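Subject: Structure handover

Hi,

Here is the structure I promised to pass on. Please open it and keep it beside you as you read my notes below.

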Amino acid sequence: MKDAIEFKTSQMKALIKRRNVLNKKYDTTLPEDIPLDVKSELKFIDKILQEFDIDEEIFAKQGKTINIKNSRDEEWYFQQMKHWAERNPRSTNGQFGKSTLYRFALHFFVENIALNANNARLNYSELAQKVTDAHSTKSDSKLTAQLANVENLLGFLLTMQQRQLEYIPEGINLENGFVKYAINPINPTEFQQFGTPTELNPNNELAQSYEEYKKIRSRDKQLIKKYHQTGGQLDMVENV
């Protein structure tokens, strides 16, 4: 767990930096033309900074021991928290007492929810939904990246195929060295007149070749995975 003074200092610096960036960006903008979300964020930053300092009288009036009435429900929640901490012992420095875990939960909430600009303005239902959707959002981002990579690869392959076929000669006259180029088969007229095989039809050579390619690629992915798992020692292991 972070020291309160250390966290407060780092958080104040981050908030002030963010405020300065926004103020500089809209320095020449009329107040009425500044976006509402920017105004809201600036107001929120000022409010947090004002709340950072705690009056010593407040601390003096608070009891030094906090009593929490236990129940079956509370004990169940505590045990689940304890199980998590035991799987992640570094989070509580290997201590799993009730006071330590309750203090950890308080610190975690303040640092990641109450003072996090991305979460602090969410209401309870929005926050709960964000936590629930966190995994799917990560998966969606990965899928988007994969689709973008596939799109780029297909565009590259199509371009290379088109250019390659433009330079493949149909025939060469050996007497005068004249090169005769055929019409590039990747054009609308060729497709309209003769059609083209696809990988969907299992009876043509393209589809069969495609299936064999997928098998080879799958094997390569497994080899790459093993390569990383063995720290690059795959060749040594296979050669023994």
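Strands β1 (residues 169–172) and β2 (residues 179–181) pair in the antiparallel sense. Three bridges join the two strands. Find Pro-169 on your screen: across from Pro-169 stands Tyr-181 in β2. Together β1 and β2 make a hairpin, with six residues between the strands. Look at Gly-177 in that turn, where phi is positive, at about 75°. Bear in mind that this is a predicted model.

Another positive phi is worth a look. Asn-93 has a phi near 55°, and Asn-93 is not a glycine. In general, most residues other than glycine have a negative phi. Where does Asn-93 sit? Its place is in the loop between α4 (72–87) and α5. Asn-93 has 60% relative accessibility, so it counts as exposed.

Now the aromatic rings. The structure holds four aromatic pairs. Take Trp-76 and Tyr-77: their ring centres are 5.1 Å apart and their planes meet at 85°, so this pair is edge-to-face. Are these two residues buried or exposed? Both Trp-76 and Tyr-77 are exposed.

Phe-104 and Phe-108 form another of the pairs, and this one is tilted. The distance is 6.0 Å centre to centre, with 35° between the planes. Both residues lie in helix α5. They are four residues apart there, about one turn of the helix. Their surroundings are worth checking too. Phe-104 has a relative accessible area of 10%, so it is buried. Phe-108 counts as partly exposed because its relative accessibility is 46%.

Two charged side chains sit over rings. Lys-98 lies over the face of Phe-78, 5.2 Å from the ring centre. Over the ring of Phe-44 you will find the charged end of Arg-121, 5.6 Å from the centre of that ring.

Next, the pockets. The largest pocket holds about 1400 Å³ of space. How many residues line the largest pocket? The count is 33, and those nearest the centre are Ala-4, Ile-54, Leu-106, His-107 and Val-110. Four helices each supply at least two lining residues: α1 (4–25), α2 (36–51), α3 (56–61) and α5 (98–114). Which helix gives the largest share? That is α5, with nine residues. By class, the lining of the largest pocket has 16 nonpolar, eleven charged and six polar residues.

The second largest pocket has a volume of about 900 Å³. Its lining takes in 21 residues. Closest to the centre are Leu-153, Leu-154, Leu-157, Leu-158 and Tyr-210. Helices α6 (124–166) and α8 (205–229) each supply at least two residues of this lining. The largest share comes from α6, which gives nine residues. Sorted by class, the lining of the second largest pocket has 13 nonpolar, five polar and three charged residues.

Then go back to the hairpin of β1 and β2 and find Gly-177 in the turn.

Best wishes

How values were computed: Residues numbered from 1 in each chain as written. Predicted model: local features only at pLDDT ≥ 70, side-chain atom pairs only at ≥ 80, totals over all residues. Heavy atoms only, no water. 1 Å grid on protein atoms, 1.4 Å probe; cavity = no way out; pocket = protein on both sides within 12 Å on 5 of 7 lines; lining within 4 Å. Points joined across faces, edges and corners; volume = space filled by probe spheres on them. Nonpolar A, V, L, I, M, F, W, Y, C, P; charged D, E, K, R; others polar. Phe/Tyr/Trp six-rings, centres within 6.5 Å; stacked < 30°, edge-to-face > 60°. Buried < 20%, exposed > 50% of the residue type's maximum accessible area, 1.4 Å probe, protein only. Lys NZ or Arg CZ within 6 Å of the ring centre and 35° of its normal. Pairing = 2+ DSSP bridges.
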